[in-house]
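Dear colleague,

I am handing over the structure below, and I would ask you to look through it before reading my notes, which follow directly after it.

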Amino acid sequence: MSGNSASGAPRSGLSSAPPVNRRSLLSGTAALVVASVSFTRRPTSELRTVIVDGWLLASTDVATPPGK
Amino acid sequence: MIIDVAKGSPGPVTADVCVMGGGVAGITVALRLATKGYRVALIEAGPAAPSTASQEFYKGENVGTENLRVDETRLRALGGSSNHWGGWCRELDAYDFNRTDLSGRGWPISSSDLAPYLDQAAAILGVSSATGADLPLASSDENLQTIQMYFAVPPTRFGERYGAALSATPNVGVFLNAAVTSAERDADTGRIAAVTARSLAGGSLTCRARFFVLAFGTVENIRTLLLWNRLNGGLISPSDDLGRYYMQHLHQALGEFATIDGATPLPPSNSPGNPTVFLASTEKVLREKGLGAFRLYSAEINCDALVDSLRGVVSGAFCSAVTGGGRLLATCEQRPNRDSRISLAAVDDAFGQSRVRLDWEIDTGDAHTLLEAGLEFGRYLIRSGLGRLRINPDVLAGGEPLRGWTALPSAPGAAGHQLGGARMSREPSDGVTDSNCRLWATGNLYIAGGAVFRTSGHANPTLTITQLALRLSDELDRRLMTG
């Protein structure tokens with residue numbers, strides 16, 4: 001996350017490109033909000049999960065036989 | 001005034017403050033004190049710009065988990081590692097200073113001690129603003145929140161940005177190509193009396209000052225103290241904690257996620273705005289589960305194979321709603337680990353001084369943080385109806401996650417944020433430096449930089465390092481005024 005090698009500098013091996021596209025905070029937050037309110041939240045206490053082949057699933061996801 | 005010691009010895013130098021290291025912290029301290037009228041000597045081991053020959057001195061041994069070479073993570077030139085800085089900025093959260101569950105007694109300072117320096121630090125780094133409210137998620141998830149990161153665009157290269165000011169300030173002397181090789185300790189007072197710096201070309205200088213500031217960067221600061229201890233009977237810093245609790249940010253791909261109906265639960269990592277919203281842990285989940293702080297973002301992937309995999313475990317109807325996905329990436333705080341250590345190697349550099357040996361150790365607690373970061377995001381996807389997460393097998397297994405590194409090719413396991421090794425403490429028995437970044441054992445020697453961090457949070461450290469440098473400057477001002 002630290003950065004890019006400056007021109008002429010030894011290769012840093014580090015990552016993190018500097019920002020290239022300006023996107024406002026509001027649009028970023030709005031994307032999160034819109035996505036979130038589109039679905040019914042299940043309270044944490046009611047959420048039961050299982051892990052199948054690495055997938056973290058709601059227990060209700062697997063009520064239907066896989067692939068059906 | 002800028003003097004190249006490679007071209008000749010400048011003669012004895014006397015200053016109020018001798019700052020060793022011309023990177024972000026060192027230049028910040030030097031210019032801040034100069035504006036207050038003090039005579040400052042700024043000694044930089046490298047040249048005006050990074051060079052292969054100078055980097056040779058940063059070669060050392062990596063014997064632990066860190067997969068970044070010690071001569072690639074740091075730049076030995078005026079401007080220091082700002083010469084490859086990415087510009088990411090964020091304050092530490094207030095609770096980061098009080099993670100007693102991670103670091104015993106916590107920091108001896110609080111966020112309120114650094115808050116007065118935020119705006120000025122941001123201005124120095126070229127960030128137009130660094131303040132903004134973190135927001136709860138719309139779904140009222142108690143374990144995740146949205147946070148904001150800020151960027152210096154383009155990232156400020158301190159040598160380029162402040163070189164002219166350093167040169168033009170009459171009470172600042174900058175000495176390039178001057179590697180500090182020894183310190184003279186006054187046996188009566190226990191204070192540093194002078195340091196000597198040398199150039200391979202034969203030039204040298206001795207600087208006497210009332211106060212000395214080590215600002216070489218975390219790894220080199222520790223190496224320097226270990227070398228000085230060797231020359232001074234271990235009295236510069238007798239703390240057994242010197243070099244220990246070395247920390248990096250864990251930088252890891254946690255899995256891939258499939259999203260439903262156009263949901264975008266995370267910002268992409270390759271096109272951040274300013275500021276950019278990330279998902280991050282809340283204090284609540286960190287304290288409840290004893291985790292390191294984490295923040296989450298994503299990278300693009302081809303979702304075809306991912307959907308095929310999902311089709312094997314859930315209904316076809318569910319899969320038909322999948323419209324996208326991404327790779328889940330995380331930057332996580334490492335739990336301070338006493339065995340994670342900077343020490344001296346058996347191999348010498350061209351000055352006959354031991355090179356550095358870096359042993360970054362991570363433990364099961366760190367693997368637990370990575371796993372829980374993934375699980376929290378996966379639960380968030382389910383609760384919010386956004387999609388599903390497939391967790392990488394190595395993360396799910398919870399063991400040695402960084403040896404199975406699977407992130408973007410340009411994103412290595414360590415983030416390049418070298419922290420700790422001279423951590424702040426409330427008492428000498430619990431650290432290397434006091435609340436003012438002064439070495440407990442040496443009355444006039446201070447550290448500027450990330451070595452004093454006691455915990456790291458998930459925030460990129462440059463903003464905090466700059467705040468600390470400004471605060472240190474004020475402390476030196478107070479001490480200089482009071483004699």
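The pLDDT is the predictor's confidence in each residue, on a scale from 0 to 100, and it comes first here since this is a predicted model. For chain A the mean pLDDT is 47, and 24% of its residues reach 70 or more. Within chain A, confidence is lowest in helix H1 (residues 25-37), where the mean is 29, and highest in strand S2 (residues 55-58), where it is 94. Over residues 1-44 of chain A the pLDDT is below 50, although this stretch has 130 contacts in the model beyond near neighbours in sequence. Where pLDDT is low, the predicted coordinates should not be read in detail.

Turning to chain B, helix H7 (residues 218-231) has 14 residues, which at 1.5 Å a residue should span 20 Å, and this agrees with its end C-alpha atoms, which are 20 Å apart. After H7(B) comes B:Gly233, which has a positive phi, near 60°.

Also in chain B, the axes of helix H5 (residues 118-125) and helix H13 (residues 462-482) come within 9 Å and cross at roughly 115°, and the crossing of H5(B) and H13(B) is right-handed. Residues making this contact include B:Leu118, B:Ala121 and B:Leu125 of H5(B), together with B:Leu463, B:Thr466 and B:Leu470 of H13(B). By class, the contact of H5(B) with H13(B) has seven nonpolar, four polar and no charged residues.

With best wishes

Technical notes
Residues numbered from 1 in each chain as written. Chains lettered and ligands numbered in written order. Predicted model: local features only at pLDDT ≥ 70, side-chain atom pairs only at ≥ 80, totals over all residues. Heavy atoms only, no water. Axes fitted to C-alpha atoms, helices over the stretch in contact; angles between N-to-C directions. Helix = DSSP H or I, 4+ residues; strand = E, 2+ residues; numbered from the N terminus. Left-handed = near helix turned anticlockwise from the far one by under 90°. Contact = heavy atoms within 4.5 Å. Nonpolar A, V, L, I, M, F, W, Y, C, P; charged D, E, K, R; others polar. Expected span 1.5 Å × (residues − 1).
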